[in-house]
Amino acid sequence: MSQMSPAQQRILDYWWMLELFSPQPLPKLTPRSTRPEDRQVVAWTSDAPLPWDSLPEPRPMGNTPREWRHTVYLGVYKVEDTYEVMHWVFADDPDAYDERPGGRSACAGVLVGHDGKLIGDTATLSSCLWAVGRLLHPGPRDPSWMSGFEAAQESFVEALDELGAVVWSRRARTRFPGWARRI
């Protein structure tokens, strides 16, 4: 196998940086009046029951029973806010096209089963927010500033998997009130 030239490596590094700073959009909320029975996107609030505590079992598909899986988005943020940090760190280029996508994304996401338990090995860390954090520390002057996302993702998955037996219910929130903030 041939070795990459420095120019080829810079191109790959550039594309890796673009990939890191590409947030995944959250799905659109489904209005209450039009929510399909088997797919709902809701903005949960702390005064509402958790979906796994309140949703009825889904109807079987033919003879096949079904159960809910819930995608939980942690730390929802406006995508435009990440661009503010990038413009603060990098010099503005008045000749550059600067379309800022709107919408919202999340710091992380996890899958939770019908019983309120985390489903192992499903946690996903936002590469975009990780990269924004790396812009601030150690900063782009450090040659390794874009390195380490895979290790951070792996550590995040392992930490959540260790907590996998915790049931996300009102009982668990009472027992672990600061849990979500610490992760």
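Predicted model: local features only at pLDDT ≥ 70, side-chain atom pairs only at ≥ 80, totals over all residues.
Figure 1. With a relative accessible area of 41%, S54 is partly exposed. A polar atom of the S54 side chain lies 3.1 Å from the backbone oxygen of L50.

**Figure 2. The largest nonpolar core of the model.** Twelve residues form this core: L20, F21, V79, Y83, M86, W130, A131, V132, L135, W145, M146 and F149. At least two of the core residues come from α3 (79–89), and at least two from α4 (127–136). The helix that gives the most to this core is α4, with four residues. As a general background, nonpolar side chains tend to be buried together in soluble globular proteins. One member of the core, F21, touches M86, C128, A131, V132, L135 and W145, when residues up to four places away in sequence are not counted. A second, separate core has eleven residues, including L118, F156, V157 and L160.

**Figure 3. Helix α4 and its surroundings.** Helix α4 is mostly covered, for seven of its ten residues are buried. These residues are S127, C128, W130, A131, V132, R134 and L135. The elements against which the buried residues of α4 pack are α1 (6–20), β1 (69–78), α3, β3 (124–125) and α5. At the N-terminal end, α4 is capped by S126. A side-chain oxygen of S126 lies 3.3 Å from the backbone nitrogen of C128.

**Figure 4. The cysteines C107 and C128.** How many disulfides does the model contain? The count comes to zero. A disulfide is a covalent bond between the sulfur atoms of two cysteines. The cut-off applied to a pair of cysteine sulfur atoms is 2.5 Å. For C107, the nearest cysteine sulfur is that of C128, 9.9 Å away, and C107 is in no disulfide. Likewise, C128 is in no disulfide, and the nearest cysteine sulfur to it is that of C107. Are these two cysteines buried or partly exposed? C107 is partly exposed, with a relative accessible area of 32%, whereas C128 is buried, with a relative accessible area of 1%.

**Figure 5. Strand β2 and its pairing with β1 and β3.** Strand β2 spans residues 104–113. Because seven of its ten residues are buried, β2 is largely enclosed by the rest of the structure. With β1, strand β2 pairs in the antiparallel sense over nine bridges. Within this pairing, T71 has L111 of β2 as its bridge partner. The pairing of β2 with β3 is also antiparallel and has two bridges. Here the bridge partner of A108 is L125, in β3.

**Figure 6. Residue Q153 in helix α5.** Helix α5 comprises residues 149–162, and Q153 lies in it. Is Q153 buried or exposed? The relative accessibility of Q153 is 18%, and buried means under 20%, so Q153 counts as buried. Which residues are in contact with Q153, leaving aside its neighbours within four places in sequence? They are A123, T124 and L125. One of these, L125, is also the bridge partner of A108.

Conventions. Residues numbered from 1 in each chain as written. Heavy atoms only, no water. Core = buried A, V, L, I, M, F, W, Y, C linked by side-chain atoms within 4.5 Å. Buried < 20%, exposed > 50% of the residue type's maximum accessible area, 1.4 Å probe, protein only. Contact = heavy atoms within 4.5 Å. Polar contact = N/O pair within 3.5 Å; in protein donor to acceptor, adjacent residues only side chain to side chain. Pairing = 2+ DSSP bridges.
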